[in-house]
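Please read it with the coordinates open beside you.

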Amino acid sequence: MADNTGDPEEIHDRWQKTKVFQADDASAQPKFYCLDMFPYPSAQGLHVGHPEGYTATDIISRYKRMNGYNVMHPMGWDAFGLPAENYAITTGVDPDRSTHANIENFRRQIQELGFSYDWSREIDTSSPEYYRWTQWMFLQMYAHGLAYKKHARVNWCNTCQTVLANEQVIDGMCERSKDPVVQKELEQWFFKITDYAERLLNDLETIDWPEPITLMQRNWIGRSEGVNVHCRIKEFEYEFDVFDSVPQTFMAQTFAVISADHPKLPELVAGTPHEREVMDCVARIQRAKIERKYGEEEMIDGAFTGRYIHDPYGTGDLPLWVASFVVMDYGSGIVNCSAHDERDFAFAKKFNIPLRPVMFPEDPVEAEKVRTLDYCYHHAENGVLAAPEKFAGRKWGEVREDIIA
C-alpha cells in the first residue's frame, strides 16, 4: 500500500519513485482497466467538472487495487484541435507553447488532487509520436474502403471558423464566441461504420453493460427492417428509393415528406410559385435544428413543394411536403406518410392534409374513432386491415411478409 503520511508534495514524489500506481504488464494478477475522458487543455486550468468525474474513477481504481487487481489507470491530454489555433490567432502565442504550458498546469493540478494515475502511460494527442498512429489507422480504413468523403451540413461558427458539436451550441449561439451559429454544407470525411451495424448490434448481448446503456446503443445503431420502393418525382428528372418500415399500411399513404437538408430541394422549387414559401420554411427548420427545438409540439413545421411523387402502388400520386421531422440521413431523405404514424398524423392534422386509415381496432367503438381521425392507431399487432382488398380482414401483425411478397 502507498504511504500517505507527510506533505502532499512529498507524498506524490514518493508515489512516483516507488511506482506504486504503475500497472505491471507481466503481473499474474487479474487486470482492470479504468479510463477517464481526457481533458482538453485549451484553458488555463481545470474546471470543477474535471475532479468531479476523476474522483469517481479514482475511488474505483483504488478499490480494485485493494481487492488484488493489477489496475491500469492512465491520464492524457486531448490536445489537438482548432480552439488552440484560434487562441493562437487571438493572442499571438504559438499553439505548441500555449498548449504545453496548459498541460503542465493541468498535470500539476491533477497531481495535487492526489489521484492514483499511472503517469508512465501519459498521452499527449498533439505529439507526433501519438498522432502518427492516428494517421496510420486512418490510412488502413481508407485502404479498406471504410473512409470516404461526402457533403453534409454542420453547425458552423463564423467567428471561430470551426465546426461545433450540438453540445457547443447554446440557444443557437456558439458557447465560446457567443455569436450566432449557422448551418453550413462542407465536404467531410466519414467512417463507414454502417458496414458493422449488424455486428455491433448483435455483440451488445456479449458485454456486461447496464441495460440503459445498451438500450442507448441499440437506439443509436437504429436498425430498421422494411422495403425500398423505387419512386420518381413527377415532371422532374429525379428517381430515388423510399424506405418503408411498415409496408402493411402502404395503402394509407396520402402524402410524402422531404428533408429540409435534401440537396435536390432548392432545384425542386426553383422558379415555382412555392419557392419562397419553401425556402423560408427551410431556413426556419435549420434554425430550429441549431437551437435544438425539435420534439416540441409547436416546432412541427412544413410547406408544400408543389411537386408530386408518382405512386402506382397505393392511393395515387402523393403531394410532396418539406417537413421538420425528416432527416437527410434516413434512407433517401424522402419518406411516404400515412395515418398510421404519429409524426405523420400530427403533421397532416396541422396542415390539413387528407388522411386515409386502413387499419382498425377490433372494437367497433374504437374503430370508429380511428375512422374519424380522433387519434393515431399504429403498430398494433391485432389491428385489422381494410385495404388492400386482398388482405382485408387480416391482422397487421401476421400479414407483413405477405404484403412485402
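The points below take up the basis of the model, its nonpolar core, its salt bridges, its surface patches and some backbone details.

1. Basis of the note. This is a predicted model, in which local features need pLDDT of at least 70 and side-chain atom pairs count only at pLDDT 80 or more, whereas totals for chains, interfaces and linings use all residues. Residues are numbered from 1 along each chain as its sequence is written, and side-chain values use heavy atoms, with hydrogens and water left out.

2. The nonpolar core. The largest nonpolar core has 22 residues, a core being a set of buried Ala, Val, Leu, Ile, Met, Phe, Trp, Tyr and Cys residues joined through side-chain atoms within 4.5 Å. The members that touch the most others are Ile-233, Phe-240, Leu-268, Ile-309, Leu-320, Val-322 and Ile-334. At least two residues of this core come from each of β10, β11, β12 (255–259), α8 (265–269), α9 (275–290), β13 (302–310) and β14 (318–323), and α9 gives the most, with four residues. Helices (H or I, at least four residues) and strands (E, at least two) are DSSP runs, numbered from the N terminus. As general background, nonpolar side chains in soluble globular proteins tend to be buried together.

3. A salt bridge between separate elements. A search of the whole structure finds 20 salt bridges, the term standing for a side-chain nitrogen of Lys or Arg within 4 Å of a carboxyl oxygen of Asp or Glu. One of them joins the side chains of Arg-107 and Glu-122, at 2.7 Å from N to O. Arg-107 belongs to helix α4 (residues 95–112) and Glu-122 to the loop between α4 and β4 (123–124), so this pair ties together parts that are 15 residues apart in sequence. Arg-107 is buried at 17% relative accessibility, whereas Glu-122 is partly exposed at 29%; here buried means under 20% relative accessible area, exposed over 50%, and partly exposed in between (1.4 Å probe, protein chains only).

4. Further salt bridges. Arg-199 pairs with Asp-203, their closest N and O atoms being 3.9 Å apart, and both residues lie in helix α6 (residues 197–203), four residues apart, or about one turn of the helix. Arg-199 counts as exposed at 57% relative accessibility, while Asp-203 is partly exposed at 36%. In another pair, Asp-402 and Arg-394 bring their closest N and O atoms to 2.8 Å; Asp-402 is partly exposed at 36% relative accessibility, and Arg-394 is partly exposed at 27%. Asp-25, Asp-118 and Arg-121 are linked in a network of salt bridges.

5. Surface patches. Patches are made of residues with over 30% relative accessible area and no salt bridge, like charges being joined within 9 Å and nonpolar side chains (Val, Leu, Ile, Met, Phe, Trp, Tyr) within 5 Å. A nonpolar patch is formed by Phe-191, Ile-193, Tyr-196, Leu-200 and Trp-220, with about 520 Å² of accessible area together, by the Shrake-Rupley method with a 1.4 Å probe, where for residues only the protein chains shown count as cover. Phe-191 lies in strand β9 (residues 181–191) and is partly exposed at 43%.

6. Backbone details. Which residues does a cis peptide bond join? The bond lies between Ala-387 and Pro-388, with omega about 5 degrees, and Pro-388 is in the loop between β17 (384–385) and α12 (396–404). Glu-235, a residue other than glycine, has a positive phi near 55 degrees; Glu-235 lies in the loop between β10 (227–233) and β11 (239–244) and is exposed, with a relative accessible area of 75%. His-379 likewise has a positive phi, near 45 degrees, in the loop between α11 (364–371) and β17, and is partly exposed at 45% relative accessibility.

7. A buried glycine. Gly-383 lies in the loop between α11 and β17 and is buried, with a relative accessible area of 0%. The C-alpha atoms of Gly-383 and Asp-96 are separated by 65 Å, the two residues being 287 residues apart along the chain.
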